[in-house]
Amino acid sequence: MAAPPNFEEGQSTYRPPSFNGQYYRWWKTRMHDFIMTEDSELWDIIYDGPFILMKTIREPEVIIPKSRKEYSDAERRAIEKKFRAKKIFVCGIGPYEYNKISTCQSTKDIWEALQIAQEGITQVKQSKIDMLTTEYELFRMKDDESIQDIHTRFTFIINELHFLGEIIPRNKLVREIHSVLPGSWESKVNSITEVKDLQKLTIDELIGNLKTYEMKKKKDHERREPKREKNLVLKTDNNESSGEDADIA
């Protein structure tokens with residue numbers, strides 16, 4: 001699940017996270033958490049849907065909506081919560097996205113409308129899962145990538161799959177990263193396999209281990225490079241001296 005760069009709006013704990021049409025899953029998770037910390041009953045209103053206060057009259061017996069004047073204090077508070085939940089949504093949605101949900105009567109309608117618009121119907125959702133699954137299966141480390149780079153790319157893919165309901169076991173994720181490292185990492189891959197239990201190893205532990213090895217490789221390269229350059233200079237000087245001697249002769 002990628003987070004938007006320089007996303008200033010919504011960073012305050014007092015304001016709902018703002019959605020402008022991008023990074024929906026990132027916003028969705030943060031909006032859920034914001035509402036839960038504000039009042040968990042507000043999320044019940046969103047999840048369970050709207051309610052209408054009713055009363056029963058007789059002769060003949062009929063159930064009809066109550067008028068506002070008939071609300072009890074507890075019922076008024078319940079109605080206030082319903083509108084409070086809707087206010088949080090409206091304050092967290094930009095003008096363009098608001099046009100898509102402006103006709104929705106309840107927060108449940110708003111939540112579901114955004115979800116369908118951003119995540120698609122079942123067929124679209126399955127197409128996204130298939131595409132991401134292919135990316136996961138073909139995932140490889142590129143020549144110019146660092147361990148942090150592949151971790152970022154890999155995390156994005158598995159997070160997207162997670163939010164679409166496809167959960168990949170932890171030990172399988174560890175083995176996948178372990179297997180995509182190029183031949184130049186073979187000695188490190190073998191040492192991890194010998195020392196660590198891949199069934200218990202977490203991704204963070206594996207990445208930390210690989211980053212440490214990567215830094216060591218970089219330092220070793222930096223130490224060897226000055227010696228290499230010095231040897232090249234000496235070789236060049238010797239060749240020039242040999243040439244001068246030959247000219248004199």
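**Surface and overall make-up**

I began with the surface: the protein exposes about 16800 Å², of which carbon and sulfur atoms supply 52%, with accessible areas taken from the Shrake-Rupley method with a 1.4 Å probe and, for residues, only the protein chains shown counted as cover. I note that this is a predicted model, in which local features need pLDDT of at least 70 and side-chain atom pairs count only at pLDDT 80 or more, while totals for chains, interfaces and linings use all residues. Residues are numbered from 1 along each chain as its sequence is written, and side-chain values use heavy atoms, with hydrogens and water left out.

I then looked up burial, where buried means under 20% relative accessible area, exposed over 50%, and partly exposed in between; buried residues make up 31% of the 249 residues. I found ten helices and two strands, these being DSSP runs numbered from the N terminus (helices H or I, at least four residues; strands E, at least two). The order from the N terminus is α-α-β-β-α-α-α-α-α-α-α-α. For contacts (heavy atoms within 4.5 Å), I noted that 56% of those between residues at least 6 apart in sequence join residues at least 24 apart.

**Cores**

I next turned to nonpolar cores, meaning sets of buried Ala, Val, Leu, Ile, Met, Phe, Trp, Tyr and Cys residues joined through side-chain atoms within 4.5 Å. The largest has 28 residues, and Ile147, Phe154, Leu181, Trp185, Ile203 and Leu210 touch the most other members. Two or more residues come from each of α6 (122-137), α7 (147-163), α8 (170-180), α9 (186-195) and α10 (203-248), and α7 gives the most, with six. Leaving aside residues up to four places away in sequence, I saw Trp185 touch Met141, Ile147, Leu210, Tyr213, Glu214 and Lys217. I also found a second, separate core of 19 residues, which includes Leu42, Ile46, Ile93 and Leu114.

**Helix α5**

Just after α5, Gly120 takes a positive phi of about 85°.

**Aromatic rings**

I counted rings of Phe, Tyr and Trp (its six-membered ring) as paired if their centres lie within 6.5 Å, with planes under 30 degrees apart called stacked, over 60 edge-to-face and the rest tilted; this gives nine aromatic pairs. Phe19 is buried at 0% relative accessible area, and Tyr24 is buried at 5%. Ring pairs link Phe19, Tyr24, Trp27, Trp43, Phe89 and Trp111 into a cluster.

**Single residues**

Tyr23 lies in the segment before α1 (24-38), has a phi near 55°, a positive value in a residue other than glycine, and is partly exposed at 32%. Glu75, in helix α3 (residues 73-91), counts as buried because its relative accessibility is 18%. Asn159 is in helix α7 and counts as partly exposed at 24%; its C-alpha is separated by 9.6 Å from that of Arg25, 134 residues apart along the chain.

Methods: Buried < 20%, exposed > 50% of the residue type's maximum accessible area, 1.4 Å probe, protein only.
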